[in-house]
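Visitor: Hi! Could you walk me through this one in plain words?
Guide: Happy to, let's take a look together.

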Amino acid sequence: MAIQFELYKTPRPKDEEGKEMYHARVVNFQHIDTDYLAKEIQIATSLTEGDVKSVLESLSHFMGDRLREGQSVHLDGIGYFQIKLNSKEPITSPKQKANQMKLKANISFKADAKLKRSVSVVHMERSKLRRHSASRSNDEIDKLLTSYFSNNPVLTRGDFQGLCNFTSTTASRHIKRLKEEKKLKNINFYYNPIYVPMPGYYGKEEIKTNQGYNIEKEN
C-alpha cells in the first residue's frame, strides 16, 4: 500500500519575506493500537491474542522501570529508548543541583537498523484527500469566535477546528496564539482542554463596579 501524503505551506515569521515554501506530511490518519498489533502477532505466531497483549503491557511496565533508573533500553529490531534531562532554569554553573533538574516531556528514540531497513523501500502517492486548512486572517477568526460564543459557552479544539475549517495542527497553533494573546483560557485539565473567552473578547465584557472589583459580563 502506498504512503499517502499532501503538501502544506510552511509557516514563515511575519518579518521574513521570500518565496512560499511547502513541506510534505503523511495523511494516513489510521491509528494502530495494542489490540490491533496483538491480533496481527497472534495470526502470525502460535501465541494467543491475550498472551501477546500481556507481553506488550509487561514490556511497557518494565521498560518504564528501567528508564526511571536512568538506563537505556534496546529492543532488538526496534530501537533504543532513553530519557532526556532538562533544567528548570538556564545552566550557568557546573555545580547544578539535582532539584533544579527535570525530565523532558518525551523519551528519546533511535530506530534500530533492522527497523529502518524494513521501511526503506516504500511507494508514495499524492493523497486524494485535500485536508488543507482554510486560509483565514486573525480578524476573520475573531469574528467566527464572537459568533460562536454568542450561542455556546465553551469551546474545544475540535469545535474550533470545525468552525474555522482547519486541520488539527493549524487549529492547535491558532489556539496557542489566542491563549498567548489572552483571548482564550483553558478551564479544564491540560490534556483535555476546554476554552472560554477572556474578559473583553468574543462577547465577554469586563466592567468595574463602584467598589473597584472587576466582574465579567456577557453582552
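Visitor: Which residues of H5 are buried?
Guide: In this predicted model, Phe160, Gln161 and Cys164 of H5 are buried (under 20% relative accessible area, 1.4 Å probe, protein chains only). Seen down the axis of H5, they fall within an arc of 100 degrees, so they line one face of the helix.

Visitor: And what covers them?
Guide: The cover includes helix H4 (138-149) and H6.

Visitor: At what angle do H5 and H6 pack?
Guide: H5 (residues 157-164) and H6 (residues 168-180) pack at about 110 degrees, with axes 9 Å apart. That makes H5 roughly perpendicular to H6 (the word covers 65 to 115 degrees).

Visitor: Which residues make that contact?
Guide: From H5 come Arg157, Phe160 and Gln161, and H6 brings Ser168, Ala171, Ser172, His174, Ile175 and Leu178. Contact means heavy atoms within 4.5 Å.

Visitor: What comes just after H5?
Guide: Asn165, which takes a positive phi of about 60 degrees.

Visitor: New topic: what is the mean pLDDT of the chain?
Guide: The mean is 79, and 73% of the residues reach 70 or more; pLDDT is the predictor's confidence in each residue, from 0 to 100. Where pLDDT is low, the predicted coordinates should not be read in detail.

Notes
Residues are numbered from 1 along each chain as its sequence is written. This is a predicted model: local features need pLDDT of at least 70, side-chain atom pairs count only at pLDDT 80 or more; totals for chains, interfaces and linings use all residues. Side-chain values use heavy atoms; hydrogens and water are left out. Axes are lines fitted to C-alpha atoms, for helices over the stretch in contact, and angles run from 0 to 180 degrees between N-to-C directions. Helices (H or I, at least four residues) and strands (E, at least two) are DSSP runs, numbered from the N terminus. Angles under 35 degrees count as roughly parallel, over 145 as roughly antiparallel, 65 to 115 as roughly perpendicular and the rest as oblique. Buried means under 20% relative accessible area, exposed over 50%, partly exposed in between (1.4 Å probe, protein chains only). The arc is that of the directions from the helix axis to the C-beta atoms.
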